[in-house]
Amino acid sequence: MVFHLGSMLEAVKYLSTSDHASVVSITIFVTLLCACIVIGHLLEESPWMNESITALIIGIGTGVLILVISGGKSSHLLVFSEDLFFIYLLPPIIFNAGFQVKKKQFFRNFMTIMLFGAFGTLISFTIISIGAIAIFKQMGLNLVIGDYLAIGAIFAATDSVCTLQVLNQDETPLLYSLVFGEGVVNDATSVVLFNAIQDFDLSNLNSAAALQLIGNFVYLFISSTVLGVVAGLLSAYVIKKLYFGRHSTDREVAIMMLMAYLSYMLAELFYLSGILTVFFCGIVMSHYTWHNVTENSRVTTKHTFAALSFVAETFIFLYVGMDALDIEKWRVVSDSPKTSIQVSGILLGLVLVGRACFVFPLSFLSNLTKKSPYEKIDFKQQVTIWWAGLMRGAVSMALAYNQFTRAGHTQLRGNAYLITSTITVVLFSTMVFGLITKPLVRFLMPSSKQLNRYLSSEPVTPKSFTVPLLGDGQDSESDLGHASETHDNVRSILRPHSLRMLFQTPTRTVHSYWRKFDDSFMRPVFGGRGFVPYVAGSPTEQSVHQWEDDAKN
């Protein structure tokens with residue numbers, strides 16, 4: 001009895017100490033997040049810095065401080081977890097990107113985005129894998145075929161999070177839609193490829209296995225997209241029919257957030273791509289669900305989703321900065337730093353070559369399908385797209401940890417080289433390429449006013465949450481000033497009347513038919529702009545009356 005009591009007391013003491021250590025770590029980490037936000041705000045006008053680089057630098061500085069205090073034993077507060085990244089941090093980032101994205105710009109360039117994001121990623125994956133096999137075998141790294149293919153998938157994944165902070169949706173709408181859209185599809189493709197490599201029997205590679213891999217990717221892409229659309233439509237229908245706002249706007253906000261997260265978890269449950277699912281769920285919810293809630297809920301959800309995404313992004317880069325100095329990873333390769341530097345340089349070179357091998361050729365193919373010179377991707381834009389996609393981030397880190405470590409550590413020299421090299425490539429590409437991207441865009445691209453005039457015929461600022469009820473042909477607040485002058489003429493020009501128009505202007509023609517279908521069938525069922533629930537005494541009624549008065553005036 002005494003023995004058991006003593007053991008219990010020791011266990012309680014250990015748990016208390018462990019809990020206190022966790023509280024200390026979380027307190028310091030939250031303080032660092034606050035510091036990142038404050039310093040990022042102070043550096044907002046800097047032509048070089050952005051939030052991701054700021055968080056990385058603070059993370060590295062904190063890692064150095066912890067390393068000194070602990071006597072070289074540790075450099076981080078939290079242990080990296082793939083579940084933490086894929087289950088908690090990535091969903092709000094991707095969902096908010098879909099929720100905020102300019103839908104017309106995105107779908108206008110959808111084929112180009114798919115060309116870059118899917119086919120381009122496969123090209124990059126192939127080049128990086130072949131290059132790794134050819135070079136690393138000569139260096140004597142003890143790797144198997146599965147490791148080489150995993151390297152291709154790991155470093156084919158661009159960092160859409162950092163890219164979003166580099167480019168501005170208002171200043172460069174075409175570039176933003178292309179780079180961001182490619183980034184989302186690229187992440188999904190890379191993760192699918194990585195999982196397929198782990199599931200396949202690589203000892204029996206043949207044409208049938210390759211076709212099975214391609215079929216699996218197509219199935220995952222279509223299934224994930226359909227699941228995201230269904231989840232978004234379900235949320236719109238539920239909120240439209242039940243109209244929670246008549247009693248509580250809190251319930252509206254809660255059900256939107258929970259159903260958005262549910263779409264991601266359902267995709268993971270059915271072994272689909274959660275990235276694609278939650279992205280298209282965000283697009284559908286912004287088109288239907290968001291217009292079915294009260295005005296207060298619209299403003300709340302808009303800023304809540306953006307805030308969650310921002311905190312998750314900052315958290316990721318802060319941790320990557322601290323984890324870069326983890327002494328356990330570097331100790332295995334400490335006796336041969338030259339080899340580690342060589343591996344990092346080779347991987348970075350393969351990333352540069354792999355991306356160039358699909359951006360410029362596929363841009364040429366895309367331009368062949370565009371008749372208007374303003375819709376074509378010129379050379380300066382191609383260089384910007386190539387450069388902006390060179391950054392690697394947390395997706396590459398998470399996949400590398402999955403492939404080359406066990407519980408975040410490894411004692412195998414070849415695996416240690418690849419882990420430390422992945423960290424080096426992520427830090428170098430994010431900080432160096434990230435620092436150069438802002439001035440590079442300003443040097444290569446015209447001013448924002450010129451860009452808006454000839455790159456986009458659509459409104460460029462998604463501020464419709466300040467004008468809750470817009471006309472069918474209007475997308476944002478910026479439409480209100482010139483809609484009465486140009487809207488009727490534009491619609492009369494773009495409305496198709498023949499099959500010939502479909503082949504001459506396929507994007508605009510399909511969009512026109514979609515608008516008719518959307519207004520006639522989808523919006524009456526699922527709600528959306530112009531079909532907002534009307535409840536007496538609700539904020540919706542006030543916004544309706546306000547809009548009607550403005551329209552009369």
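Q: What makes R523 count as buried or exposed in this predicted model?
A: R523 has a relative accessible area of 0%. Buried means under 20%, so R523 is buried.

Q: Why is the pairing of R523 with D518 called a salt bridge?
A: The closest N and O atoms of the two are 2.9 Å apart. The cut-off is within 4 Å, so the pair qualifies. D518 counts as buried too, at 0% relative accessibility.

Q: How do you know that R523 and D519 also meet in a salt bridge?
A: Their side chains come to 3.4 Å, N to O, and the limit is 4 Å, so this pair passes as well. R523 and D519 sit 4 residues apart in helix α21 (residues 506-526), which means they are separated by about one helical turn. Salt bridges that share partners then join D518, D519 and R523 into one network.

Q: Why is D519 called partly exposed?
A: Its relative accessible area is 22%. Buried needs under 20% and exposed over 50%, so D519 falls in between.

Q: What makes E182 and R355 a salt bridge, and which parts does the pair tie together?
A: The N to O distance is 2.8 Å, and within 4 Å is enough, so they count. E182 lies in helix α8 (residues 173-199) and R355 in helix α14, so the pair links parts that are 173 residues apart in sequence. Both E182 and R355 are buried.

Key: Residues numbered from 1 in each chain as written. Predicted model: local features only at pLDDT ≥ 70, side-chain atom pairs only at ≥ 80, totals over all residues. Heavy atoms only, no water. Helix = DSSP H or I, 4+ residues; strand = E, 2+ residues; numbered from the N terminus. Buried < 20%, exposed > 50% of the residue type's maximum accessible area, 1.4 Å probe, protein only.
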